[in-house]
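Please keep the sequence and the structure in view while going through the numbered points.

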Amino acid sequence: IGCDNGDVVTGVFLKDCCDREIISWRAWSSRGLPGEPVRDMLIEGVEARFGHAKVDSNVELEFLADNGGAFRAKDTHTLAKDLGIKPVHTPVCSPQSNGMAESFVNTFKRDYVSQMDRSSAAIVLRQMPAAFEHFNEVHPHSALGYRSPRLFRKELIRRAQIGGK
């Protein structure tokens, strides 16, 4: 995210491809993509979704990312595997192969970043939590029957509980 004063905000996110929720994210005010925020985001995402720092062995999950160094780093791959997640990468020069991520980036820029005060990185960073929260709680998604990701997930859980009784 380019700011009016020349600052740049860089961010990453972990998105569930089923319910479209942004489970975890990181943003910082410098160029480049260090590996540590990506790894912190992975740990937070697994703990948020599963309640502990490892995916159940009977669940097969993939972490689809582009080919940035932070995603390809040995430490990132090792951590993903330790968490029970298979690291997978998009083909080089093929961003369309990660369409959900690309779609979210476009939506986030259109519906959130375009409305933000972008005077400086510090100001943008203060607005990011509310933007992600709004996306998860309120923003309708066509593939989810125009429900927000969290509403869709709550309904899935409720249906599973009713069906399991």
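1. Threonine 107 is found in helix α4, which spans residues 99-111; helices (H or I, at least four residues) and strands (E, at least two) are DSSP runs, numbered from the N terminus. With a relative accessible area of 12%, threonine 107 is buried, where buried means under 20% relative accessible area, exposed over 50%, and partly exposed in between (1.4 Å probe, protein chains only). Leaving aside neighbours within four places in sequence, threonine 107 is in contact with Tyr112, Phe135 and His139, contact meaning heavy atoms within 4.5 Å. Threonine 107 and arginine 118 are eleven residues apart in sequence, and their C-alpha atoms are 17 Å apart in space.

2. On the source of the values: this is a predicted model, in which local features need pLDDT of at least 70 and side-chain atom pairs count only at pLDDT 80 or more, while totals for chains, interfaces and linings use all residues. Residues are numbered from 1 along each chain as its sequence is written, and side-chain values use heavy atoms, with hydrogens and water left out. The protein has a mean pLDDT of 90, and 97% of its residues reach 70 or more; pLDDT is the predictor's confidence in each residue, from 0 to 100.

3. Which residues of helix α3 (residues 74-83) are buried? They are Thr76, His77, Leu79, Ala80 and Leu83. Seen down the axis of α3, these buried residues fall within an arc of 165 degrees, so they line one face of the helix; the arc is that of the directions from the helix axis to the C-beta atoms. An α-helix has 3.6 residues a turn, so residues three or four places apart point the same way. On the other side of α3, Lys74, Asp75 and Lys81 are exposed. The cover over the buried residues of α3 includes α1 (35-50), α2 (69-72) and β4 (85-89). Just after α3, glycine 84 takes a positive phi of about 90 degrees.

4. The axes of α1 and α3 come within 10 Å and cross at roughly 10 degrees. Axes are lines fitted to C-alpha atoms, for helices over the stretch in contact, and angles run from 0 to 180 degrees between N-to-C directions. The crossing makes α1 roughly parallel to α3, since angles under 35 degrees count as roughly parallel, over 145 as roughly antiparallel, 65 to 115 as roughly perpendicular and the rest as oblique. In this pairing, Val38, Arg39, Leu42, Ile43 and Val46 of α1 meet Asp75, Thr76, Leu79, Ala80 and Leu83 of α3.

5. Helices α5 and α6 (residues 149-163) pack at an angle of about 40 degrees, with their axes 4 Å apart. That angle makes α5 oblique to α6. Glu133, Phe135, Asn136 and Glu137 in α5 meet Pro149, Arg150 and Lys154 in α6.
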